[in-house]
Amino acid sequence: MLEIQQLRNDLENVSKTLAKRDFAFPVDAFNSLEAERKTIQTITQELQAKRNTVSKQIGHAKSKGEDVSSILAEIANLGDELKQAEAQLEQIQIKMQHMLLEVPNLPHDSVPEGKGEEDNVEIRRWGTPRNFDFEIKDHVSVGEELGLLDFETAVKLSGSRFNVMTGALARLHRALAQLMLDTHTQENGYTEVYVPYLINSDSLRGTGQLPKFEEDLFAVYAGGHEDKAPNFHLIPTAEVPITNMVRNEIVPLEQLPMKYVAHTPCFRSEAGSYGKDTRGLIRQHQFDKVELVHIVHPEQSYDALEQLISHAEMILQKLELPYRVMTLCTGDMGFSATKTYDIEVWLPAQNTYREISSCSNCEAFQARRMQARFRNSKGKPELLHTLNGSGLAVGRTLVAILENCQNKDGSVSIPTMLQPYMGGIEKLSIL
């Protein structure tokens with residue numbers, strides 16, 4: 001959430017900056033609420049001052065033995081007026097809060113301006129795409145011909161955008177997550193956490209999924225009472241529960257930075273993605289991800305962003321999968337981000353790079369919503385900066401292996417770094 005004082009003091013520039021994200025800030029509605037707030041706040045302050053004055057008159061009159069009944073009646077009326085004014089002020093503040101919860105973060109000055117993914121800027125590549133001397137198959141064909149990937153059964157069990165993996169493919173999926181966790185905890189200094197998969201609305205509001213993106217979530221109604229507000233939502237990413245661990249907390253300075261990693265399933269309704277990536281594992285309602293979260297001192301957040309992206313890249317380098325890193329433009333960034341790097345892995349069957357990780361600095365945007373703070377060197381509470389990124393999306397990494405490591409005979413070579421996690425198996429082969 002944006003800082004209210006910044007909006008009050010620099011509304012024109014904030015509106016212009018948000019327009020770069022293709023977001024039209026409701027200037028007239030904001031100014032109207034602000035004018036109403038100022039009026040009611042002035043009335044409230046005047047009533048409070050008058051009540052204080054009258055209260056002193058009561059004490060003075062009593063000390064002289066005078067009748068104070070008329071003054072008591074006056075202060076009672078003042079109390080009623082004050083309660084009414086305070087209630088009006090609270091309602092205005094609630095409306096303002098609801099308005100600001102719909103406003104995205106401001107892009108950092110270094111973010112390129114643009115409308116969509118075509119305006120993202122490539123900053124580096126790693127690895128060289130392999131030259132194949134046979135016809136390339138996509139991951140669906142590779143997995144199905146191995147007899148290890150079954151979408152038909154998944155449709156029977158749940159519907160479209162789900163999958164069933166069996167045997168060595170399921171083990172490979174698990175091995176990928178284990179490699180990622182081991183790398184991040186043993187080499188990159190993260191603390192592993194296990195977090196709930198069902199979360200409350202306050203958590204989703206804290207990281208920015210609610211209220212704006214409710215349609216992208218899966219709601220859970222205990223006992224099937226859909227007439228009431230949902231009891232929980234399934235997590236769209238582990239970023240939500242991990243980041244909210246510091247909601248309404250004041251973290252001691254010496255505990256910073258905090259770096260967490262978790263392997264969880266993620267659940268997304270994929271609202272608005274009708275017709276996109278309907279074949280295969282790229283866009284699923286349920287998928288696994290290893291999530292990285294940094295909670296840091298504001299002065300360290302951009303160094304932390306560079307560290308975060310390097311940690312995600314490390315996994316692809318270990319797996320020897322070609323990729324590129326992109327800086328997202330203003331029109332393609334996520335709601336809470338002020339700057340985002342995407343890692344895109346090479347998929348030979350699509351002859352293109354596809355996103356496998358997004359690493360974002362949210363600065364104080366989420367912390368302000370969560371009231372997540374730390375005590376600075378002067379002992380005063382100050383908002384934290386939060387960052388998150390995929391390290392990596394497990395299913396998409398599996399897709400990249402099936403396509404990049406496929407062989408002419410239909411087998412798939414397992415990257416060297418994964419073989420110890422596979423009990424020494426070197427290939428997935430057709431039985």
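Begin with the whole chain: among contacts (heavy atoms within 4.5 Å) between residues at least 6 apart in sequence, 72% join residues at least 24 apart. This is a predicted model, in which local features need pLDDT of at least 70 and side-chain atom pairs count only at pLDDT 80 or more, while totals for chains, interfaces and linings use all residues. Residues are numbered from 1 along the chain as its sequence is written, and side-chain values use heavy atoms, with hydrogens and water left out.

Of the 431 residues, 50% count as buried, where buried means under 20% relative accessible area, with a 1.4 Å probe and protein chains only.

Next, select residues 27–63, helix H2. H2 has 37 residues and reaches 54 Å from its first C-alpha to its last. That is close to the expected 54 Å, taken as 1.5 Å times one less than the number of residues. Colour its buried residues, among them Phe 30, Leu 33, Glu 34 and Arg 37. What covers them includes helix H1 (4–19) and helix H3 (69–101). Then click on Gly 65, which follows H2 and has a positive phi, near 75 degrees.

Now show helix H6 (residues 167–186) and helix H9 (residues 301–319) together. Their axes, lines fitted to C-alpha atoms over the stretch in contact, come within 10 Å and cross at roughly 130 degrees. Angles run from 0 to 180 degrees between N-to-C directions. H6 and H9 are therefore oblique to each other; under 35 degrees counts as roughly parallel, over 145 as roughly antiparallel, 65 to 115 as roughly perpendicular and the rest as oblique. Display the side chains where they meet: Leu 176, Leu 179, Met 180, Thr 183 and His 184 in H6, against His 311, Met 314, Ile 315, Lys 318 and Leu 319 in H9.

Last, select Leu 256, in the loop between strand S8 (250–251) and strand S9 (258–267). Is Leu 256 buried or exposed? Leu 256 is buried, because its relative accessible area is 14%. Leaving aside residues up to four places away in sequence, Leu 256 touches Val 251, Ile 295, Val 296, His 297, Phe 374 and Leu 384.

Technical notes. Helices (H or I, at least four residues) and strands (E, at least two) are DSSP runs, numbered from the N terminus.
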